Amino acid sequence: MSAATSTGRSAAPAGTSAAKPAGRRAAPDTAPKSVRRRNASLGLVAWFVGVVFVLPVLWMVLTSLHSETDAAKNPPALAAPLTLDGYREFFGAGGGPSPWFSLANSLTASVVSTLFVLLLALPAAYALSIRPVRKWTDVLFFFLSTKMLPVVAGLLPIYLFAKNTGLLDNVWLLVVLYTSMNLPIAVWMMQSFLAEVPPALIEAAQIDGARLPAILTRVVAPIAMPGIAATSLICFIFSWNEMLFARVLTGVVAQTAPVFLTGFITSQGLFLAKVCAASVVISLPVLAAGFAAQDKLVQGLSLGAVK
């Protein structure tokens with residue numbers, strides 16, 4: 001009896017241990033083939049969409065490395081010799097105007113306006129999310145409704161105001177305009193980001209005697225940093241790419257990079273290689289900022305989208 005019992009006891013664990021590896025080996029085979037085919041199809045679609053979006057950029061870079069004669073051929077000469085003449089012409093090597101002042105104006109208007117937007121949007125978003133005011137949804141809708149007005153509708157009044165106040169061809173006028181243009185979307189975005197901040201942390205800081213500036217800079221800002229980074233990057237891109245106000249309200253002193261780019265389209269023709277070279281150079285700051293903050297951008301947008 002004892003031998004049989006011991007044998008049965010020893011056999012049971014052996015059978016159990018032998019059954020577990022069999023179950024583990026069979027697990028990968030239980031996944032339906034339809035799921036694998038669907039994942040593969042989605043992967044192919046993602047690659048196709050990525051190629052479609054990247055192909056024009058690659059074409060622009062390739063065209064910028066061709067001479068004007070090769071760039072103007074139809075059909076295009078893909079195997080044409082490469083040259084940096086377009087970039088030399090853009091930087092004024094051929095006696096043309098230098099782009100450095102325009103690039104500096106764009107950088108000043110974009111960076112300074114983005115800083116002003118963050119300084120104004122953070123307290124507003126705090127009041128609409130963590131310490132909500134009455135009818136805060138109506139306030140958010142009002143902010144968003146200001147973006148529904150066509151930009152060209154306000155162009156003439158702003159031009160007359162700038163002309164009568166002597167602010168034409170002034171980069172600080174662009175700073176004010178870009179701040180007012182990006183502030184509504186910044187408040188809308190940061191409100192959703194700050195709504196994820198735990199109120200217990202703010203209450204603990206208030207118990208410790210922290211005032212509102214200290215709460216915003218030491219408690220709220222570090223937690224909402226991904227959202228702040230995403231908002232600042234979007235505001236910087238919008239300011240850097242804006243051309244309508246810069247085209248009408250600036251001349252030579254406050255000319256921005258997109259306006260400088262249009263100078264290559266003259267009555268003598270379209271200098272395609274120079275335009276592509278200028279487009280590549282002007283796009284580099286935005287691409288560099290997006291690449292440097294891509295993890296914060298994805299994290300911030302995901303934080304604002306998932307409740």
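Is Cys276 buried or exposed? At 10% relative accessibility, Cys276 counts as buried. Here buried means under 20% relative accessible area, exposed means over 50%, and partly exposed lies in between, using a 1.4 Å probe and protein chains only. Cys235 is buried as well, at 2% relative accessibility.

Before I go on, a word on what we are looking at. This is a predicted model, where local features need pLDDT of at least 70 and side-chain atom pairs count only at pLDDT 80 or more, while totals for chains, interfaces and linings use all residues. Residues are numbered from 1 along each chain as its sequence is written, and side-chain values use heavy atoms, with hydrogens and water left out.

Let's turn to the aromatics. A pair of aromatic rings is described by the distance of the centres and the angle of the planes. Rings of Phe, Tyr and Trp (its six-membered ring) pair if their centres lie within 6.5 Å; planes under 30 degrees apart are called stacked, over 60 edge-to-face, and the rest tilted. This structure has 4 aromatic pairs. In one of them, the ring centres of Phe90 and Phe91 are 5.0 Å apart with the planes at 75°, so the pair is edge-to-face. Phe90 is buried, at 1% relative accessible area, whereas Phe91 is partly exposed, at 33%. Phe90 also pairs with Phe260: their centres are 5.8 Å apart and their planes at 75°, so this pair is edge-to-face too. Phe90 belongs to helix α4 (residues 85–90) and Phe260 to helix α13 (residues 257–262), so the pair ties together parts that are 170 residues apart in sequence. Helices, by the way, are DSSP runs of H or I with at least four residues, numbered from the N terminus. Phe260 is buried, with a relative accessible area of 8%. Together, Phe90, Phe91, Trp100 and Phe260 form one aromatic cluster.

One more ring to point out: the charged end of Lys274 sits over the ring of Phe271, 4.5 Å from its centre. That label requires NZ of Lys or CZ of Arg within 6 Å of the ring centre and within 35 degrees of the ring normal.

Now for some helix packing. Which angle do the axes of α5 and α8 make where they cross? The axes of helix α5 (residues 100–129) and helix α8 (residues 171–194) cross at roughly 35° and come within 6 Å. Axes here are lines fitted to C-alpha atoms, for helices over the stretch in contact, and angles run from 0 to 180 degrees between N-to-C directions. The contact of α5 with α8 involves 22 nonpolar residues, 7 polar and no charged. Within α8 we find Val175, which is buried at a relative accessible area of 1%. The C-alpha atoms of Val175 and Ala109 are separated by 4.9 Å, although the two residues are 66 apart along the chain.

Asp169 sits in the loop between α7 (155–165) and α8. Its phi is near 60°, a positive value in a residue other than glycine. At 23% relative accessibility, Asp169 counts as partly exposed.

Last stop: Ala229, in helix α11 (residues 225–241). Ala229 counts as buried, at 16% relative accessibility.

Note on methods: Helix = DSSP H or I, 4+ residues; strand = E, 2+ residues; numbered from the N terminus. Nonpolar A, V, L, I, M, F, W, Y, C, P; charged D, E, K, R; others polar.
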